Amino acid sequence: MRLSKSKLIGLAALLVAFALIAGTLVWRDSRPKPVEITSVDGYLGGEKIGLFDDPQFNALAAKDGLKVDYRKAGSLDMMTADRKGLDYLFPSSRAAVDYGKAKGVDTSTSDIVFNSPIVMYTHKAVADALVGSGIMSRANGVYTMDMSKAVAAMSANKTWGDVGWPSGYGQFRIDSTDPIKSNSGNEYAALVAATLNGGQPATVASIQRDAPALTSIFGKSGWMETSSEDSFNQFLTLGVGSKPIMVGYESQILDLAANNPDAWKQVKDDIVIAYPTPTVWSTHVLIPTNAKGQKLLALLKKPETQKLAWERHGFRSANFTGASSITRFGVPGTLDQITAVAELPRNDAMQSLIEVLTKGTQQ
């Protein structure tokens, strides 16, 4: 039986429709399954906000099925804050981790993610004045601060004029974040305590002995921010009269140069980075509180995340081997290798230091 022309056309159309449907089904089955996105939330030190807000970081997180949220908190503050419903804590030092452990935080699955040395930020006029008085030195374009001389000057209540900068108002001081709440201030306090102890890591006994000097030195700064990010932004905004010298992380100026070139252009001829001799390493440790936090830790440890954190935000990886030179940022006076480094005190001494400074602020 021969089919009519119209029936042949209809049959052909039907076969084409079946082929299209079958092809669509095969194509759908062959496509990669969409990644299920899980939100992860926790406390984050302010200096790492630039990384967590970076679209490239968020793209890496999405590939791993994560949407990373955060709440800004000081490294010590987050250890005693309400952690209900949170998946991670991301402080900026092992000392903060030990402090949290002493407060009942489970740190058994924590791991080091980044490193950054504690540095001083100042202005060229101040730096050159302190070089003239011997508190700071400059060699091969790199400024360093002699912590023994700086602490001695603060202990003796020297004025800015006494240390070579007559334009400064009041007593010579080095501003930091609140050492009771924030890591950069806390690690700076540990460095001051070690300096008062003859260069050796402070002990409970030495901190109790040097308590008057410690409270006097930190009392010179008055009110202190609880976030390193806020402190650095205030330093950049308010100028030399408000914060002649401040404590911060090396990563902060590198992040500024890489991500805000217009702002960096405005300040690059004035802002000076100085490495304390000795300094201390700020070790950024992620503390997962559940399986979601563990996934974030795995993401942060990936080579591509470590590379991004260094090249765009200035965080040195847990093992700095193979990373590009720090000269990539175009920030004068920076060092690839930090050689003069002091050890942080044991946890019992750090606890004693916090107690001493807490009492000092309440007097």
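These entries record what I looked up on a cavity, a helix pair and one arginine.

**Model.** I worked on a predicted model, where local features need pLDDT of at least 70, side-chain atom pairs count only at pLDDT 80 or more, and totals for chains, interfaces and linings use all residues. Residues are numbered from 1 along each chain as its sequence is written, and side-chain values use heavy atoms, with hydrogens and water left out.

**Cavity.** I searched for cavities (sets of points on a 1 Å grid over the protein atoms alone where a 1.4 Å probe fits but cannot get out). I found 1 of 30 Å³ or more. The largest cavity has a volume of about 50 Å³, taken as the space filled by probe spheres set on the points, which are joined across faces, edges and corners. Its lining (residues with an atom within 4 Å of a point) has 13 residues, and G46, E47, G74, S75 and S182 are the closest to the centre.

**Helix pair.** I took helices as DSSP runs of H or I with at least four residues, numbered from the N terminus. Helix α12 (residues 250-259) packs on helix α15 (residues 303-313) at about 80°, with the axes 7 Å apart; the axes are lines fitted to C-alpha atoms over the stretch in contact, and angles run from 0 to 180 degrees between N-to-C directions. The two helices α12 and α15 are therefore roughly perpendicular (65 to 115 degrees). In contact (heavy atoms within 4.5 Å), S251, L254, D255, A258 and N259 of α12 meet W310, E311, R312 and H313 of α15.

**R173.** I placed R173 in the loop between α7 (147-155) and α8 (183-196). R173 counts as buried because its relative accessibility is 14% (the cut-off is under 20% relative accessible area, 1.4 Å probe, protein chains only). Leaving out residues up to four places away in sequence, R173 touches M154, W160, K220, S221, S242, P244 and I245.

Definitions and conventions:
1 Å grid on protein atoms, 1.4 Å probe; cavity = no way out; pocket = protein on both sides within 12 Å on 5 of 7 lines; lining within 4 Å. Parallel < 35°, antiparallel > 145°, perpendicular 65-115°, else oblique. Buried < 20%, exposed > 50% of the residue type's maximum accessible area, 1.4 Å probe, protein only.
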